[in-house]
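This report describes selected features of a predicted model. The sequence and structure are shown first, and the description follows.

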Amino acid sequence: MRKIIKYDIDKITIFKEIKEETKEKLVQIGTIKNINKKSMLFFEKENINKVYFLLEGKVSIFKISEAGERKVIFILKQGEMINEILLSKNNTSAVGCEAFEKSTILEYSIDDFVNIVESDFKLTKNLLSYMERRTRRLYRQLKNSISIKMDKKLAAKLYRISKEFGIESGNWREINVSISITYLADMLGCKRETLSRSMKVLQDEGLVKSENKKIYVKQNELANYFKGN
């Protein structure tokens, strides 16, 4: 397990523009751990007394339905805060977290981290702002999951993924992360067969193509499609 350096702190979104003395404290009291692809960082309903940040790699945040099916809520990338800060006595996680790929995690005791937050108002503002953005992402997901066809749900999801993880590739935008049909089905909470039919609809519309296990999208056209324009 390697030591934390200031460069690690600078990678984390909510640590931007905080006090130098705060950064020094974060270097001193944190720890770093590595997790392999598909390894669990924590389980749903697990008692958690740490707060985690993603230094390298990607992780997925998911929830298990009553039917035992996995619904992926987020794929998080470098610099993001992974879990919420649980301050109640019943500090069980509402979600699970799994490594989407080999990842490096920065972790702090919740009590230690809260003490640091209390001493730096800029860090407090950054934390509130970050949680606001995550809540807005949840609102968008909720909006896109209510009373619309699966092909439009898929279009909305691919649009969002392409914004976060896409790179330009000619007239297309390549989703630069390895996502299978099965994983997309987990993200939308549907059967693989249903997802495959919806993907075929988008391919027939010329909005999506798949080559060499990579997914390419027409980003603006996808947005018009799921918005009904």
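## Surroundings of helix α6

The buried residues of α6 are covered by elements that include β4 (59–64), β5 (70–76), α5 (150–165), α7 and β11 (214–217). These buried residues are Tyr183, Leu184, Ala185, Met187 and Leu188. After the helix comes Gly189, which has a positive phi near 65 degrees.

Helix α6 spans residues 181–188 and helix α7 residues 192–204; they pack with their axes 9 Å apart, at an angle of about 100 degrees. The two helices are therefore roughly perpendicular to each other, since angles of 65 to 115 degrees count as such. On the α6 side, the contact is formed by Ile181, Thr182, Leu184, Ala185 and Leu188, which meet Arg192, Leu195, Ser196 and Met199 of α7. Six residues of this contact are nonpolar, two are polar and one is charged.

Between α5 and α6 the axes lie 11 Å apart, and the packing angle is about 105 degrees. This angle makes α5 roughly perpendicular to α6. Here Leu184, Met187 and Leu188 of α6 meet Met150, Lys153, Leu154, Lys157, Leu158 and Ile161 of α5. By class, the contact of α5 with α6 comprises seven nonpolar and two charged residues, with no polar ones. Leu184 and Leu188 take part in the contact with α7 and also in that with α5.

In soluble globular proteins, nonpolar side chains tend to be buried together. In this model the largest nonpolar core has 38 residues, of which Ile14, Phe15, Phe53, Ile82, Leu106, Tyr108 and Phe113 touch the most other members. Strand β3 (residues 50–56) contributes five residues, the most of any element, to this core. Apart from this core lies another, of 32 residues, including Phe100, Phe165, Leu195 and Leu202.

Tyr108 illustrates the contacts made by a member of the largest core. Leaving out residues up to four places away in sequence, Tyr108 touches Ile9, Phe15, Leu26, Ile29, Gly30, Asn49, Lys50, Val51, Phe53 and Phe113. Within the other core, Leu195 is one of the members, and Leu195 is also among the α7 residues that meet α6.

Glu98 lies in strand β6 (residues 96–99). Its relative accessibility is 13%, so Glu98 counts as buried, the limit being under 20%. The side chain of Glu98 forms a polar contact of 3.1 Å with that of Arg70. Beyond neighbours within four places in sequence, the residues in contact with Glu98 are Lys38, Ser39, Met40, Val59, Ser60, Phe62 and Arg70.

Glu174 is located in strand β9 (residues 172–175) and is buried, at a relative accessible area of 12%. Although Lys214 is 40 residues away from Glu174 in sequence, their C-alpha atoms are 7.2 Å apart. With residues up to four places away in sequence not counted, Glu174 touches Phe165, Gly166, Ile167, Ser169, Lys214, Ile215 and Tyr216.

## Positive phi in loop residues

Which residues other than glycine have a positive phi, and where do they lie? One of them is Glu17, whose phi is about 65 degrees. Glu17 is placed in the loop between α1 (6–11) and α2 (20–29). Its relative accessible area is 65%, so Glu17 is exposed, the threshold being over 50%.

Another is Lys38, with a phi near 70 degrees. Lys38 sits in the loop between β1 (31–35) and β2 (40–42). At 62% relative accessibility, Lys38 also counts as exposed.

How values were computed: Residues numbered from 1 in each chain as written. Predicted model: local features only at pLDDT ≥ 70, side-chain atom pairs only at ≥ 80, totals over all residues. Heavy atoms only, no water. Helix = DSSP H or I, 4+ residues; strand = E, 2+ residues; numbered from the N terminus. Buried < 20%, exposed > 50% of the residue type's maximum accessible area, 1.4 Å probe, protein only. Polar contact = N/O pair within 3.5 Å; in protein donor to acceptor, adjacent residues only side chain to side chain. Contact = heavy atoms within 4.5 Å. Axes fitted to C-alpha atoms, helices over the stretch in contact; angles between N-to-C directions. Parallel < 35°, antiparallel > 145°, perpendicular 65-115°, else oblique. Nonpolar A, V, L, I, M, F, W, Y, C, P; charged D, E, K, R; others polar. Core = buried A, V, L, I, M, F, W, Y, C linked by side-chain atoms within 4.5 Å.
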